[in-house]
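Me: Please take a close look at the charged side chains that pair up in this model. Then go on to the aromatic rings, the nonpolar surface and the pocket.

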Amino acid sequence: MCSFSTNIFSNLMWSHYGSNHSGVCLIFSFPAEFIHSIPDYCDLLDVGYSSYGLRKWFGMDGGQYLGNLGATLPEDFVTALRNNFLSTKSKEWQYEEEVRLVRTTSGAASFEAAYLKGVCF
């Protein structure tokens, strides 16, 4: 999994990930076809933020979401469960505006240098 943010202007995010003002932010612009050309590509997920996190999704705190997936095949249920698990964070992290690229295998995925559009310090 590789995480990206759609917001480079969050001071809070820079304080969490900027490594005491020594970190950098890489700005990418990927064409749509690039995402699907990644080996072992699985999904591109917008992260959802909730006060309940995963507790509500798993039926805790009175939530009934698991019974309302609408999945007719076991594979659909597993995919929905995986995607929700990998794309749910506590509401406190909402400032990140995160998007996650998920692959079925680990390791680096290469890309053309032209996709790197900028570096912020």
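Reply: The side chains of Lys89 and Glu98 meet in a salt bridge, with 2.9 Å from N to O. The model is predicted, so local features need pLDDT of at least 70 and side-chain atom pairs count only at pLDDT 80 or more, while totals for chains, interfaces and linings use all residues. Residues are numbered from 1 along each chain as its sequence is written, and side-chain values use heavy atoms, with hydrogens and water left out.

A salt bridge here is a side-chain nitrogen of Lys or Arg within 4 Å of a carboxyl oxygen of Asp or Glu. Side chains of opposite charge can pair when their charged atoms come close. The structure holds three such bridges. Lys89 also pairs with Glu96, where the closest N and O atoms are 2.5 Å apart. In the bridge between Arg100 and Glu98, the closest N and O atoms are 2.7 Å apart. Shared partners join Lys89, Glu96, Glu98 and Arg100 into one network.

Are these residues buried or exposed? Arg100 and Glu98 are both buried, a term for under 20% relative accessible area, with exposed meaning over 50% and partly exposed the range in between (1.4 Å probe, protein chains only). Glu98 has a relative accessible area of 6%, so it counts as buried. Glu96 is buried at 3%, and Lys89 is buried at 14%.

Next come the aromatic rings. Rings of Phe, Tyr and Trp (its six-membered ring) pair if their centres lie within 6.5 Å; planes under 30 degrees apart are stacked, over 60 edge-to-face, and the rest tilted. This rule gives nine aromatic pairs. One of them is Phe4 with Phe28, edge-to-face at 6.2 Å between centres and 85° between planes. That pair links distant parts of the chain, 24 residues apart: Phe4 is in strand E1 (residues 2-5) and Phe28 in strand E2 (residues 25-28). Strands (E, at least two residues) and helices (H or I, at least four) are DSSP runs, numbered from the N terminus. Phe4 is partly exposed at 26% relative accessibility, and Phe28 is partly exposed at 25%.

Phe30 and Phe34 are stacked because their ring centres are 4.7 Å apart and their planes are at 15°. Phe34 is buried at 9% relative accessibility, whereas Phe30 is partly exposed at 25%. Phe4, Phe28, Phe30, Phe34, Phe111 and Tyr115 form one aromatic cluster.

Phe111 also belongs to a nonpolar surface patch with Val24, Leu26, Leu116, Val119 and Phe121, with about 590 Å² of accessible area together. Patch residues have over 30% relative accessible area and no salt bridge; like charges are joined within 9 Å, and nonpolar side chains (Val, Leu, Ile, Met, Phe, Trp, Tyr) within 5 Å. The areas come from the Shrake-Rupley method with a 1.4 Å probe, and for residues only the protein chains shown count as cover. Phe121 sits in the segment after strand E7 (116-120) and is exposed at 79% relative accessibility.

Last is the pocket. A pocket is an open set of points on a 1 Å grid over the protein atoms alone where a 1.4 Å probe fits, with protein on both sides within 12 Å along at least five of seven lines; lining residues have an atom within 4 Å of a point. The largest pocket is lined by 27 residues, and Ser3, Phe4, Ser5, Cys25 and Leu26 lie nearest its centre.
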